[in-house]
Amino acid sequence: MFDLDDPPRYVLDQAPLRQALVQIRFPLQARLASLAGIGEFQDALGETFDLSENRELNLDAQFSPEGVEGEAHETVTWTFAPVAGPRIILTPNSLTLSVDGVDYRGVEVLESELRASVTILQSTLGISRCDRLGARYLSVAEITKGSEGDWSGWFRPEVIGWAGHKGVLESGVRLNLSMSQTLLDGGALTDEVDAPYVRAVVRHGVVPAGTTIPGIPEVTTSGASVVLDLDFFVEGRQRLDAGSLAGQFHQLHADIDRFFAWSLTASGREHFGWSEQA
């Protein structure tokens, strides 16, 4: 996707990562709307996961000269929360692994959990098709007291935007909100004949305190923050194979990591505690 060099292996002592997600979507499975339908999946996960259920009633309304017509439908979400590690969120047509930034332990852990979850999904529910695989990394760097004059130097100017450049805005003018979104259509993920094509949505900018950012679950900023939201995915029917999907996720993450490492300036690396590993 990007013509960027691979970064060295690194860690950040104060990483801005707020949430990492990997999700697969598959054909609608009506049985997953009931507790009985997810029983085998829950049993295979074991007793280390606490199960919670969330049901929402939605109304699809259509307006016409005769009045309003609508059809109500219920959506159900099952969340399997472990003592530590990624949450597993299961719906009738998707499986998502979600981990908070403070609990993130590297792509290898998330890749391993994806492989295990897909294996269980296939063996207990017999699902054989994947329609979409996505990976999303959301970074939120809060502009804390004392860093008001430094935050615009954490990321490259292309990420911060013109409004964050020093010398553009008059003294006393406060940047409240500036967000940009870029959609990218890339090439084939692998050299295979039927390999899916990569697409990406890159969002970046500055948001005020109290901003709610969509996620699983939603993320709300506690203060003014710089946001870098990297959402990469492949669409198209493919076999629900744990090894193949884990490998594709690894490749998506590699592009995400290349862009994130490129986006940081020397000041940003220092601010977030960048250190390279052998």
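This is a predicted model: local features need pLDDT of at least 70, side-chain atom pairs count only at pLDDT 80 or more; totals for chains, interfaces and linings use all residues.
Reader: With which strands does β7 pair?

Author: Helices (H or I, at least four residues) and strands (E, at least two) are DSSP runs numbered from the N terminus, and two strands pair if DSSP finds at least two bridges between them. Strand β2 (residues 17-25) pairs with β7 in the antiparallel sense over eight bridges, and I24 has L133 as its bridge partner in β7. Strand β12 (residues 225-239) is also antiparallel to β7, joined to it by 13 bridges, with F233 of β12 standing opposite G134.

Reader: Is β7 (residues 129-142) mostly covered or mostly open?

Author: A residue is called buried under 20% relative accessible area, exposed over 50%, and partly exposed in between (1.4 Å probe, protein chains only). By that scale β7 is mostly covered, since 11 of its 14 residues are buried.

Reader: How is an aromatic pair described, and how many does the structure hold?

Author: A pair of aromatic rings is described by the distance of the centres and the angle of the planes. Rings of Phe, Tyr and Trp (its six-membered ring) pair if their centres lie within 6.5 Å, and planes under 30 degrees apart count as stacked, over 60 as edge-to-face and the rest as tilted. The structure holds eight such pairs. In one of them, the ring centres of F2 and F259 are 5.0 Å apart and the planes stand at 35°, so the pair is tilted. This pair links distant parts of the chain, with F2 in the segment before β1 (10-12) and F259 in helix α4 (residues 242-263), 257 residues apart. Both F2 and F259 are buried, and together with F232 and W262 they form one aromatic cluster.

Reader: Which charged side chains lie over rings?

Author: A charge sits over a ring if NZ of Lys or CZ of Arg is within 6 Å of the ring centre and within 35 degrees of the ring normal. R132 lies over the face of F233 at 4.1 Å from the ring centre, and the charged end of R269 sits over the ring of W274, 3.7 Å from its centre.

Reader: How many salt bridges are there, and what does D6 meet?

Author: A salt bridge is a side-chain nitrogen of Lys or Arg within 4 Å of a carboxyl oxygen of Asp or Glu, and by this rule the count comes to 14. The side chains of D6 and R258 meet in one of them (2.4 Å, N to O), and this pair links D6 in the segment before β1 to R258 in helix α4, 252 residues apart. D6 counts as exposed because its relative accessibility is 56%, whereas R258, at 16%, counts as buried. Elsewhere, R132, D185, R199 and E235 are linked in a network of salt bridges.

Reader: Where is L169, and is it buried or partly exposed?

Author: L169 is found in the loop between α3 (157-160) and β8 (178-188), and counts as partly exposed because its relative accessibility is 33%.

Conventions: Residues are numbered from 1 along each chain as its sequence is written. Side-chain values use heavy atoms; hydrogens and water are left out.
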